[in-house]
Amino acid sequence: MTPSYQQPTARGYYGEFGGAFIPEMLYPNVEELRTRYLEIMADPDFQIELQQLLRDYVGRPTPLFEATRLSEKYGTRIFLKREDLCHTGAHKINNTVGQILLAQRLGKTRIIAETGAGQHGVATATVCALMGLPCVVYMGATDIERQAPNVARMRLLGAEVRRVTSGSQTLKDATNEAIRDWIANPVDTHYIIGSVVGPHPYPDLVARLQAVISEEMRKQLLEKTGSELPDFVVACVGGGSNAAGAFYHFLDEPSVRLIAVEAAGHGIHSGHSAATSVLGTPGIIHGSRTLLMQDEHGQITEPYSLSAGLDYPGIGPLHAYLGAVGRSEFLSITDDEALAAVSELSRLEGIIPALETAHALAALGQLGAGPDDVVVVNLSGRGDKDLDTYLKNMDKLV
Ligand SMILES: *Cc1c(COP(=O)(O)O)cnc(C)c1O
């Protein structure tokens, strides 16, 4: 039997990527999580509570919608997996609902998180309100300016948003501060990481919690097309959690082509990009060995994308591995191409996507998919949070 792509080794490796490169002070926290997460998640009571919340609170299963006007335009059969219809407007809540249940079973009474665009912060603040747990969200000062509505949402939900003014004052700096907090509060605090990044077991934990996306897709495709397997699954990649969830139950089905779409910003080689699979080299970021954008001295290069959810300088180790062994294919999309895809989906299907998601949609023209092919695009989130950006770029939208 060929080995499964789904699971890392016991130490969290996907090929040469992954692992847990953490300061000594963080070891007890990470070790507690590592030794307990699988056992807790396998517990029937945990599963019952998780399934109930996913159904009644998050709104799952999300629909698989056949986009006929979009299909006509691209000459192939396109389905949209509607994660934009999840509570709080994106896939992020699939992960936070699972992690808060895990935190409770670990006896934790305080939650911390990092956020970039604010979607993960909102999803974390939401589940903390639901469970009555105090919540601190670290967010870069730059992102606080760019994402005012999400900052307001987090505060309304009762979370404390802590402003991070170190470094570039964006996501990677917020992550560093959250890690510092966790080191200082090892006993009572659980750190909810928002993507398939960080030290083992986070990449595997988050991938398992997002895998519900592809689990549902298989059933829905069988109903709508007569086969559980599509020809293509397309998803955008920031850290890679929505892509990991959309790919998960197809990883060991070699006939399904898995397309990961990164943000090229102003263009891959413009110096203003977040296309890690092309520009990245192996290194360690936030406790994990993966591909990351760095200079010859190992200093992290500032990533850029108009979309605050995609400008992370690394990708999850699973994606670094899938790309390296040829199981997934990476494409990249510029800001302008993504903006054009926003108006295209809005006008052809009456769905305004998030700017991150628009990167996946903009890749449709590059797939080479034919009339008999079935393509699933993971519609990771809705565009409400990006309306300000869309208004400022109206000339590129029409
Ligand atoms: C956060 C976010 C992303 C990027 O994160 P991944 O972990 O790569 O999924 C993509 N789309 C939306 C709507 C997001 O909120």
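**A ligand and its surroundings**

User: How far from an oxygen atom of the ligand does a polar side-chain atom of S241 lie?

Analyst: This is a predicted model, where local features need pLDDT of at least 70, side-chain atom pairs count only at pLDDT 80 or more, and totals for chains, interfaces and linings use all residues. Residues are numbered from 1 along each chain as its sequence is written, and side-chain values use heavy atoms, with hydrogens and water left out. A polar contact is a pair of N or O atoms within 3.5 Å, and the S241 side chain reaches an oxygen atom of the ligand at 2.7 Å.

User: How much of the ligand's accessible area does the protein cover?

Analyst: On its own, the ligand has 380 Å² of accessible area (Shrake-Rupley method, 1.4 Å probe). The share that the protein covers is 96%.

User: What is the distance from an oxygen atom of the ligand to an N or O atom in the side chain of S195?

Analyst: G238 uses a backbone N or O atom, 2.7 Å from a ligand oxygen. S195 uses its side chain instead, and that distance is 2.6 Å.

User: Which residues come nearest to the ligand?

Analyst: A residue counts as near if one of its heavy atoms lies within 4 Å. Out of the 18 residues around the ligand, the nearest are K92, S195, G238, G240 and S241.

User: Which helices each supply at least two residues of the shell around the ligand?

Analyst: Helices here are DSSP runs (H or I, at least four residues), and strands are runs of E (at least two), numbered from the N terminus. The ones you want are α11 (241–247) and α15 (355–362).

User: Where are the cis peptide bonds to P61 and P201?

Analyst: Most peptide bonds are trans. R60 to P61 is cis, with omega near 0 degrees, and H200 to P201 is cis too, at about 15 degrees. P61 is in the loop between α2 (44–58) and β3 (64–66), while P201 is in the loop between β8 (189–192) and α9 (202–210).

Conventions: Polar contact = N/O pair within 3.5 Å; in protein donor to acceptor, adjacent residues only side chain to side chain.
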